[in-house]
Amino acid sequence: MHKDSFLAHLPLLILSFCFSFVVAAQEPDVQKGKALFNANCAACHKLNKRAVGPALAGVSAKYDKEWLYSWIKNSTAMVKSGDAQAVAIYEEYNGSVMTSFPQLLNEDIDNILAYTDYTPPATAAAAQPVAAVPQTESSLSNDLILGVLVLVLAALVVMLFLVTKTLKQIAAANGIEVVIEEKPKRTPLWKAYAQNPFLVFVTVVFLLLSSAYVGYSYLMQVGIDQGYMPIQPIHYSHKIHAGANQIECKYCHSSARVSKHSGIPSLNVCMNCHMNIAEYNGEEDLEKGYTKEFYTNEIKKLYKAVGWDENTQSYTGETQPVKWVRIHNLPDFVYFNHAQHVSVAGVDCQKCHGPVEEMEIMYQHASLTMGWCINCHRETNVNIKDNAYYTKIHEELSKKYGVEKLTAAQMGGLECGKCHY
Amino acid sequence: MPNQKKYWKSEVELNEESTLVDKLSQKEFVQKLPEDLLGSTELPESDTSRRDFLKYMGFSTAAATLAACEGPVNTSIPYVVQPEQIIPGIANYYATTIVDGFDTASVLIKTREGRPIKVENNTDAPVNNIANARVHASVLSLYDSMRVQGPTQAGVDVSWETLEASVQGQLAQLADENSPVALITPSLASPTTSQIVRDFQAKFPNVTHYAYDAISETAALNAFERAYGKRALPSYDFSKSTCIVSIGADFLGDWQGGGFESGYAKTRVPKGKKGKAKMSKHYQFEANMTLSGANADYRIPTSAVEQQFVLAAIYGALTNQSYPTALTAELKKKVTAIVAELKSAGTGAVVVTGLQNEDAQRAALAINKVLGSSVIDVQHNTQLRLGDASVMTQLVNDLNAGKIGGVIMAGVNPAYTLPNATAFVSGLKKAKLSVAFSMKNDETAIHSQWVAATPHYLESWGDVEMKTGHFALTQPTIRPLFNTKQFQDVLLSLTGSTQSYDDAIKAYWSSNILSGASFSEALHDGYFVTSQIDKLRYNDNVDALVQRLARAKAKSGLELHLYTKTGIGDGQQANNPWLQEFPDPITRVTWDNYLTVSKADAEVLGLKNINQSDGALDGSIAEISLNGTTVKAPVLIQPGQAKGTVGLALGYGKTAGMKSEMQVGTNAYPLYQNFSPVQTVMVVAADGMHEFACTQLQNTLMGRGEIVRETTLEIFNTKDAKYWNPMTQVSRDHEEIDVTSKEADMWQAFDRSIGHHFNLSIDLNACTGCGACVIACHAENNVPVVGKREIRKSRDMHWLRIDRYYSSEETFEADLEKVDNISGLGESLSTFGKMEDPSANPQVTFQPVMCQHCNHAPCETVCPVAASSHGRQGQNHMAYNRCVGTRYCANNCPYKVRRFNWFLYNKNDEFDYHMNDDLGRMVLNPDVVVRSRGVMEKCSLCIQMTQKTILDAKLEGREIKDGEFQTACSNACGTGALAFGDINDKESEVKHLKEDERMYHLLESVGTEPNVIYQVKVRNT
């Protein structure tokens, strides 16, 4: 009976085996799920933390799969239909509506759920200290080698001293008088030098010139803060924002387009993105201590300043304006207008501010001296493209100067009163 | 030559023996280096040798240099949430309205990063759209460090809740006792406030509302009420005038609220075809020399009694009646001539009077009715002045009799402005409740139980009916700086309403004024006009009262004419350093009021003016007594002051709630008895001399002639321009050539035909000398206030000055000849008598002078460090950071327009004005640098404004239209005297003005080719 039944069931077994194989082939793909999660869900959901929507780790355990399918595909309808669970979650999140994803197939949702349920193996965590070891070792060995060398040299000096001493003792013991020959008395070098007026003159001239040079260079750099790199209250990395994330400069410094000030962005501008980006997941620079935790902590500082409560995802109203340290300080008697350079002339921000997209910490790239301004005005042509203001004056002036394109200087950009009033 | 008038600026110039004029003309900087640098007037004996001094100086310089090497750490604090409208670096403008009970104007407020920094004219508004000097300065009063910062009770800070609850309780109790409560406000003309007050009175029926004007127009109001049946004042449109006769009305000053100069100036520039050009004619009868008198074609100095005769005579002649008056034959002749002018002038004729005499006011209304004047508009009348003097007098009596239970005051300062202020204060103390809504701890506030801190008008809501059918709105331009609350808000909450004042305005406007129009639009524009019009009918007979006028008798003693000065007005803004330092247009005196006396009277009374060798002015002190009240004031001998009269300005001598530096002058309000500005007083000389800070004899133009050019309408119409506006000639190879011709020019000229070339045209005909431009320049360019002591040393910093020149018909040399030719005692007496004439009634010309921006600038060539250089656009640039302070440029400037920073005027306790406190510095314009010590400065032709216009056009990629280029002064000028623009734009107004035959340059013969041009003054004589 058993045997029979077994035999009888064999084809079925094979079939089921094959089927299970097929099923195994359709096992939810964590990698695909991650991609889908990042594309569709990450704007509002985090894995282990509440964001705009709830944390999604282990969500499949909380809800029925079918319920999840229909919720993800059309949550509004479910709320309307009065589904108890749907209404509960709708109310918990103050009536914010979850975007519907009718384009997602059930398999896609399975993949996403697989990703949200996935727990990475613990081994990865151990990698970090291991990576750190060789570094400390190498610096240690360098020190060691140097130490050993110093010791060897010291030993040699001692040995030489001992050898001469011994030789002298031997000589004394053998009765050999070591006679130091009296050399004919020569004028000491310094006296000879002092007696040579030409040499003295040359030296004095040299000293005077070099001290003048040193003094002049010192004085000329007074008040020039090229390379000034102050520590800011919040470690804001232009490298991450403008470099890695390619955010346009004028997205944050928007007034540079229209006003004389480029403006430090107000904190509400930061929150346009950081309402959703609560933690840093990009590259780390462990050597300098810029770990993920470090950056995430800086985002927390922003939240504190702007009064954003991550748990409730709402503003508390308690703000602490940030006192940024100003890097580019022009004196009061200079008028500089960002809009004229950025919008009218079309100058790149980097021309004056340097490779900002590579700056982990912002610093003053240019000297910001008057000579620096004027040089650029002498070299740069006026951008007359599509600007009716310049049509007449550029035509007449270029004819007068006999050039095709006028420089800013020829346009009057060197006149004192254009910048000093 | 057509114009051989000699111009002079002071009495002392008439004295040929005086060496002072010569001395001053030799020196630009009259003073030696100050010895009282740090306040101590003498150097104490000391052991410190010169060597020691140099050592210390060397060390301290080195130390300071080293200390300066370390740059300061600047922090920037951005908004947490940036308001949508605010972009750092870009100014926002808001339309609002100032109504402070004395000045009323529709204005635009320029704000930067949320701070109001400048007042500008709201030229779109149809009425009262020109801000005067005080309104321009009002933005600084917002940042007054002496403001009350919150409500107080007996000097102790309380909360608004406490104040409102207690006051409400007390009011309820007073209502139960049926004890009267007086609510005193200035004439607000605010429809919504009137409604709020009515509601307040409905809740507390024992409350009476008093409108109180510090400077009363009671007589004019009574007269109008009598003639037309409504308590109001008519409006005047002087742009329709062809012949103006003013009898004691300073309508270019503060007469009936002021604001008439823009209409007036329109008719004062000759217009029409060559040969047939027309302008209005202006006769002025007055005692004090006023702005109106200074601008008149004929000014006839007369006492108030004579003015009444003139009024009676004019009325008689117009109605063919005879009113025998005691007028002199000379005046009678003049009146006859004037009446003929009036008759031929048609509806453009108008007679106005400032006599605070109901009879005179009614006579003037009757005369205008007879003339059929279109200048006066009774159907659009104004209630900006409503105060009734007799009611106020009664109130003070009632207070002292203990009949008044409570007093609530808002925006008034009766303890200072009432003639019987001491009686008022003693009465106020008898009241059970006294509340003062005030911005300052002023004379009234310190005697009140409660001081309710009110906001400045730039932090307030409000509305006003300028004249019938013309409404305007006030809106806040900044969040209140202090814990203040508007008087209307408190009244609303005392009434038990939960509405705020702005909601109340909105509600009232929606239901009563707007008739469906948008409130937001009205708020945006700042004004709203309805077709509403009064239908008043004239119903008066004045024959009997003209009889009374004709029989008026002069009392023995001197006639005192109280007036308000262009700078200080009624004294509300006395703590405003800009206004204190503003030179009076007529006397050019700053930081003071004074008794103006005619030269003849001064001699009789033994009063003197002495010009010190450094150009400073000292004056005797006079004691003025009236009914037992005695006031001491310094004396200023005023050319043109009517004999037998003296003048004294109100608004000075305030002490409460004022910085010590601002407590200057004499309080003349005690002499303002019965609210009459004309009083008969006794004047005697007192001991001592007063030191004036007068800019009058300073910076003389060194006797170089042809500064003011002037001609008459007749010559202007009949003769060639070469006759009345000749080009200065120079001799070349014994041949006369124009000084502007190429052969006479030694300079290598720049080509200025490409791009912009700015010119500023100044029309001497349209300039009334009002001084709004001077204050606007201060506000725009961060010009420091230097104080009385420095002004006295000729160290004033005004970039723009308005020179005032007196002139007489003949030259002074002719006078000398006369003296030489005298024979016999009888002739000498009569001749000497006549010799007084030039200064008895001079003609006056105002001439705004700022840096002339010479194309061939003498200042540029002498600067050793090239701090002064020329721009292609015609402006003379001044790079402050380059200047080392040699002052060569000032010495080489023929126009004397350069100003030197002798001290650090900001953050310096020695100069405790607005730039010395954080609050006051908020008014600074961030686009203009604040100059430091040791630096020369001057007018830049508002290069920050011309650059802004250019940069905006570049940003928007468009060409610039005429009218876009402006300077602070041309923007502020309400009379059109200052016109600014680009002469390379062939269609621009300024290009036409440059080619006008009235155009001339100041000191053409110097060959500086200035970019500031003047238009010859034409008098309609």
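Guide: Happy to. One thing to keep in mind is that this is a predicted model. The contact between the chains takes 47 residues from chain A and 41 residues from chain B.

Visitor: Which helices and strands of chain A each supply at least two residues to the side that touches chain B?

Guide: There are helix H13 (267–274), strand S3 (324–325), helix H15 (338–344), helix H18 (388–401) and helix H20 (416–419) of chain A. The largest share comes from H18(A), with 6 residues.

Visitor: And how do the residues on that side of chain A divide into nonpolar, polar and charged?

Guide: On the side of chain A that touches chain B, 21 are nonpolar, 16 are polar and 10 are charged.

Visitor: Nice. Let's move on to chain B. What domains is chain B divided into?

Guide: The division gives domain 1 (152–216 + 387–513), domain 2 (228–262 + 274–382), domain 3 (557–694) and domain 4 (741–807 + 848–1019).

Visitor: How far apart do the C-alpha centres of domain 1 and domain 2 of chain B lie?

Guide: Those centres are 37 Å apart. The contact between the two domains takes 4 residues from domain 1 of chain B and 5 residues from domain 2 of chain B. On the domain 1 side, the residues touching domain 2 are 1 nonpolar, 2 polar and 1 charged.

Visitor: Now a sheet, please. In what order do the 4 strands of the open, parallel sheet of chain B come?

Guide: The order is S13-S12-S11-S14 (chain B), and the pairing is parallel. Strand S13 (298–301) and strand S14 (349–353) of chain B each have a single partner strand, so one side of each has no neighbour in the sheet. From one strand to the next, the twist averages 10 degrees.

Visitor: What about S11(B) and S14(B), how many bridges join them?

Guide: Strand S11 (residues 243–247) of chain B and S14(B) are joined by 5 bridges and run parallel. One pair to look at is Cys243(B), whose bridge partner in S14(B) is Ala349(B).

Visitor: Which strands does helix H10 of chain B lie across?

Guide: Helix H10 (residues 304–318) lies across S11, strand S12 (281–286) and S14 of chain B, at about 140 degrees to S11(B). Helix H11 (residues 329–345) of chain B lies across S11, S12, S13 and S14, at about 135 degrees to S11(B).

Visitor: Which residue takes a positive phi in the hairpin of S26(B) and S27(B)?

Guide: That is Asn627(B), with a phi near 45 degrees, in a hairpin that has 2 residues between the strands.

Note on methods. Residues are numbered from 1 along each chain as its sequence is written. Chains are lettered from A and ligands numbered from 1 in the order in which they are written. This is a predicted model: local features need pLDDT of at least 70, side-chain atom pairs count only at pLDDT 80 or more; totals for chains, interfaces and linings use all residues. Two residues are in contact if their C-beta atoms, placed from the backbone, lie within 7 Å. Ala, Val, Leu, Ile, Met, Phe, Trp, Tyr, Cys and Pro count as nonpolar, Asp, Glu, Lys and Arg as charged, and the others, Gly among them, as polar. Two strands pair if DSSP finds at least two bridges between them. Domain bounds come from an automatic or database domain assignment. Axes are lines fitted to C-alpha atoms, for helices over the stretch in contact, and angles run from 0 to 180 degrees between N-to-C directions.
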